[in-house]
Amino acid sequence: MSQRTFSIIKPDAVRKGHSGAILAEIEKAGFRLVAIKKLSISKAQAEGFYYVHKERSFFGSLTDFMSSGPIFVMVLEKDNAIADLRKLMGATNPANAEEGTICKKFAGSIEENAIHGSDAEDTARFEIGYFFAGYELV
Ligand code: CMP
């Protein structure tokens, strides 16, 4: 069944000029771009987005990194979008990511890992709503 997920091209990938290549991989894999925008978020906005990780040791550094430069936020749609995007991304840590995945190709470290994708339906709903109004989803 058609499903929507949320994704971010992170500051490391945007800085290195990999945004277009990552978008091409996403479209090649059959995702429809429902919405996309380029943003610079504040530390407070990054903290709100990642609040589920607020007790983790890496929360401060993760939110510094995510507010360190422009990102692309996007909503993607296809059958089984959430699981399929996670598969296309590969493991969070590029050291463990499978050949051919976005993390393997573009990520530098577990934190500066090029791309984010929602991990479940409820998180996708929260994450889409955090960055997009309903009228922006077309
Ligand atoms: P993301 O999928 O955006 O969700 C949480 C992010 O925290 C994750 O990608 C990584 O960028 C980061 N992260 C997860 N685990 C660690 C870790 N052990 N050390 C540093 N950053 C991490």
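## Ligand shell

A residue counts as near a molecule if one of its heavy atoms lies within 4 Å of it. By that criterion, the residues around the ligand are Lys 10, Tyr 50, His 53, Phe 58, Leu 62, Thr 92, Ile 110, Glu 111, Asn 113 and His 116. This is a predicted model, in which local features need pLDDT of at least 70, side-chain atom pairs count only at pLDDT 80 or more, and totals for chains, interfaces and linings use all residues. Residues are numbered from 1 along each chain as its sequence is written, and side-chain values use heavy atoms, with hydrogens and water left out.

The shell comprises 4 nonpolar, 4 polar and 2 charged residues (Ala, Val, Leu, Ile, Met, Phe, Trp, Tyr, Cys and Pro count as nonpolar, Asp, Glu, Lys and Arg as charged, and the others, Gly among them, as polar).

## Polar contacts and burial

A polar contact is a pair of N or O atoms within 3.5 Å. A polar side-chain atom of Lys 10 is 2.8 Å from a ligand oxygen atom. Polar backbone atoms also take part: one of Ile 110 lies 3.3 Å from an oxygen atom of the ligand, and one of Glu 111 lies 3.1 Å from an oxygen atom of the ligand. Taken alone, the ligand exposes 460 Å², of which the protein buries 79% (Shrake-Rupley method, 1.4 Å probe).

## Lining by element

α5 (81-89), β4 (115-117) and α7 (121-131) each supply at least two residues to the lining of the largest pocket (helices are DSSP runs of H or I, at least four residues, and strands runs of E, at least two, numbered from the N terminus). A pocket is an open set of points on a 1 Å grid over the protein atoms alone, where a 1.4 Å probe fits, with protein on both sides within 12 Å along at least five of seven lines; lining residues have an atom within 4 Å of a point. The largest share of this lining, 4 residues, comes from α7.

Conventions
Polar contact = N/O pair within 3.5 Å; in protein donor to acceptor, adjacent residues only side chain to side chain.
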